[in-house]
Amino acid sequence: MSSPSFAPVDELNAYCRFCQKIIPAHLDRSIAGNGRLLDKESTFEYFCTKCRKTFCYTGKDLLPSEDASKASTEPRDYVPKNHYLIGEKISHKKFKDTGLVVGKDRGVPARILVQFEKSGFKKLVEDI
Ligand SMILES: [Zn+2]
């Protein structure tokens, strides 16, 4: 099965665990598997514009570059079984708040890191 090629956004607001803040991060390099095209399974390395440390995400967690404007559109309702992308806006019914997905916590279950407008920084489960 072949996946279509994929290019993620060049810049995103990410939670930097070294700075412990949300900092603009830039795409540093794309790491594809042996001779493969870049796709959603590839790893993309971003660096924090403040501390310059790097962190990796897979394509599955990133907005495609042609879709960067999606970040400024309507927030998507938060539902724990859904998968969210870094840079996406979500709305949370119980908190009555909207937030920006700024990172991922690769545990079981997986969690998204969200900066809410009123409720502040939260971790929410996804993909359950
Ligand atoms: Zn940093």
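The following is a conversation about one predicted protein model and how its chain is arranged.

Me: What kind of model is this, and how are the residues numbered?
Reply: The model is predicted; local features need pLDDT of at least 70, side-chain atom pairs count only at pLDDT 80 or more, and totals for chains, interfaces and linings use all residues. Residues are numbered from 1 along each chain as its sequence is written.

Me: What is the mean pLDDT of the chain?
Reply: The mean is 91, and 93% of the residues reach 70 or more. Here pLDDT is the predictor's confidence in each residue, from 0 to 100.

Me: Which elements have the lowest and the highest mean pLDDT?
Reply: Strand 2 has the lowest, at 93, and strand 8 the highest, at 98.

Me: How many helices and strands are there?
Reply: The chain has zero helices and nine strands.

Me: What are the domains?
Reply: Domain 1 covers 11–61 and domain 2 covers 65–125. These bounds come from an automatic or database domain assignment. The domain centres, taken over C-alpha atoms, are separated by 17 Å.

Me: How many residues does each domain put into the contact?
Reply: Domain 1 puts in seven residues and domain 2 nine; two residues are in contact if their C-beta atoms, placed from the backbone, lie within 7 Å. On the side of domain 1 that touches domain 2, strand 1 gives the most, with four residues.

Me: Which strands pair with strand 2?
Reply: Strand 1 pairs with strand 2 in the antiparallel sense over six bridges, and strand 3 pairs with strand 2 in the antiparallel sense, also over six bridges. Strands count as paired if DSSP finds at least two bridges between them. C16 has K21 in strand 2 as its bridge partner, while H26 stands opposite F47 in strand 3. In the hairpin of strand 1 and strand 2, with four residues between the strands, Q20 takes a positive phi near 55 degrees.

Me: What is the order of strands in the open sheet?
Reply: This sheet of five strands has the order 5-6-7-8-9, with mixed pairing. Strand 5 (76–77) and strand 9 (120–125) stand at the edges with a single partner strand each, so one side of each is left without a neighbour in the sheet.

Me: How many bridges join strand 6 to strand 7?
Reply: Four bridges join strand 6 (residues 89–92) to strand 7 (residues 97–105), and the two run antiparallel. S91 stands opposite T98, and K89 stands opposite L100. K96, in the hairpin of these strands, takes a positive phi near 50 degrees.

Me: What joins strand 7 to strand 8?
Reply: They pair in the antiparallel sense over six bridges, with D105 and R111 as bridge partners. The two strands form a hairpin with five residues between them.

Me: Changing topic, how many residues are in the largest nonpolar core?
Reply: That core has 22 residues, and A14, L62, I86, V101, V102, I112 and V114 have the most contacts inside it. A nonpolar core is a set of buried Ala, Val, Leu, Ile, Met, Phe, Trp, Tyr and Cys residues joined through C-beta atoms within 7 Å.

Notes. A residue is buried if 20 or more other C-beta atoms lie within 10 Å of its own, exposed if 12 or fewer, and partly exposed in between; C-beta atoms are placed from the backbone.
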